[in-house]
Amino acid sequence: MSEIVSFPGLGLSFEISRVAFSIGNYSIYWYGITFALGFLAGMWYFHLRARRLGIHPYDGLDVLLWAVIGGMVGARLYFVAFQWDNYKDNLLKIFAFREGGIAIYGGVIGAVIAGWIACRVKKTRFLPVLDGGLTGLLLAQAIGRWGNFFNCEAFGSNTTLPWGMTSNTISRYLFHMSSTLASQGVVVDPTVPVHPTFFYEFCWNLLGFLLLAFLVTPRRKYDGQVSLCYMAWYGLGRFFIEGLRTDSLMLGAFRVSQLLALVLCVGAVLLLAVQALRYRKNPAAFVLYADTEESRERIAKVDAELEKDKKKEDPAPAPEEETPAPEPAEEAETPAAVEGEPAETGEEPQPEAEPDQQNTQP
């Protein structure tokens, strides 16, 4: 299942395989591994940033777990909706995730909806969670794009740039899709390298994550500002990158993701401009949730509950029983004095009195 992916202009070639390793007859794919690594990286970022956003990590991660489930469902439904002809005659194929077929914008929509519902149920502020979650998502998207590399997918049209890539899978795809792409106004040559659009998006998303995490978030003026920056940044990059791809979901003559990217980008930029004007007129009207007493009390409450649960699970060890002090040994009885010898009493013996001198001679 391995093949050679080459970059002729750079003189580079890599032998890759979709399968990372196998456990018995079950194969573990690189796509799944990169997805999992992206998920963990995004969660790690949120865990580190949550308190500064005014959210306890315990509350936030609970919401994000539901958001991930909603994202997976949304990504699949979005793809199926625009490829309905491939599923309408066999609905069970909708659940065949291992055959591929997900769309990132559907995932974002599903994650946002599920996260909003989870915040309502848990009575957690939605916008601070969204700010941290979408920033972590950009990091996850950057990492996850390398799964496209191992699958030899998400590439663009032909290019003569030095970093153009090619492989047998790419050539076969272009050959079979040439007529379909031509009807969309895209003329391809299976023998010419293509744009590595997966790599373009990796770079764009990673740069966006760094900007949001280290430039925008520390300087945000209101909750939701980071989320608007995410939509503007990702929408701008996706609009141009999607225009290069050869596997776009189509709505008539329009690329669905490109159209949605444009709408979100323009809408986010307009809202950012309006909020900037409002902030300039009345800065006091903008209060970050992290600066409120409600946020501090909630974080303190959850910390106290977790500490209490920890003490229940790990009770303090019982104090060691004190070893009684040994009783003082009884003094040994002073042995009776041997006849003719003084008894040992610890006192110096007194000299015996001399008898009166008497004339004892006969």
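How many helices and strands does the chain have? The chain has nine helices and six strands; both are DSSP runs numbered from the N terminus, with helices (H or I) of at least four residues and strands (E) of at least two.

## About the model

This is a predicted model, in which local features need pLDDT of at least 70 and side-chain atom pairs count only at pLDDT 80 or more, while totals for chains, interfaces and linings use all residues. Residues are numbered from 1 along each chain as its sequence is written, and side-chain values use heavy atoms, with hydrogens and water left out.

Of the 362 residues in the chain, 38% are buried. Here buried means under 20% relative accessible area, exposed means over 50%, and partly exposed is in between (1.4 Å probe, protein chains only). Take the contacts (heavy atoms within 4.5 Å) between residues at least 6 apart in sequence: 70% of them join residues at least 24 apart.

## Nonpolar cores

In soluble globular proteins, nonpolar side chains tend to be buried together. A nonpolar core is a set of buried Ala, Val, Leu, Ile, Met, Phe, Trp, Tyr and Cys residues joined through side-chain atoms within 4.5 Å. The largest one has 42 residues, and those with the most contacts inside it are Tyr-78, Val-129, Leu-138, Phe-209, Leu-212, Tyr-230 and Leu-249. Helices that each supply at least two residues of this core include helix 1 (30-49), helix 2 (57-82), helix 4 (126-151) and helix 6 (197-216). Apart from it lies another core, of 15 residues, with Phe-7, Phe-155, Ile-170 and Val-186 among them.

Leaving out residues up to four places away in sequence, Leu-212 touches Thr-135, Leu-138, Thr-217, Pro-218, Val-226, Cys-229 and Tyr-230.

## Aromatic pairs

The structure holds 20 aromatic pairs. Rings of Phe, Tyr and Trp (its six-membered ring) pair if their centres lie within 6.5 Å; planes under 30 degrees apart count as stacked, over 60 as edge-to-face and the rest as tilted. Trp-146 and Phe-202 are edge-to-face, because their ring centres are 5.4 Å apart and their planes at 70 degrees. Since Trp-146 lies in helix 4 and Phe-202 in helix 6, the pair ties together parts that are 56 residues apart in sequence. Trp-146 is partly exposed at 28% relative accessibility, whereas Phe-202 is buried at 17%. Both belong to one aromatic cluster, which also includes Trp-30, Phe-149, Phe-150, Phe-198 and Phe-199.

Tyr-222 and Phe-286 form a tilted pair, 5.6 Å centre to centre with 50 degrees between the planes. Tyr-222 sits in the loop between helix 6 and helix 7 and Phe-286 in the loop between helix 8 and helix 9 (293-313), so this pair ties together parts 64 residues apart in sequence. Tyr-222 and Phe-286 are buried.

Helix 7 and helix 8 pack at an angle of about 145 degrees, with their axes 7 Å apart. Axes are lines fitted to C-alpha atoms, for helices over the stretch in contact, and angles run from 0 to 180 degrees between N-to-C directions. Residues making the contact include Gln-225, Cys-229 and Ala-232 of helix 7 and Ala-261, Cys-265 and Leu-272 of helix 8. Gln-225 is buried at 15% relative accessibility, and its contacts include Asp-131, Arg-219 and Leu-272.
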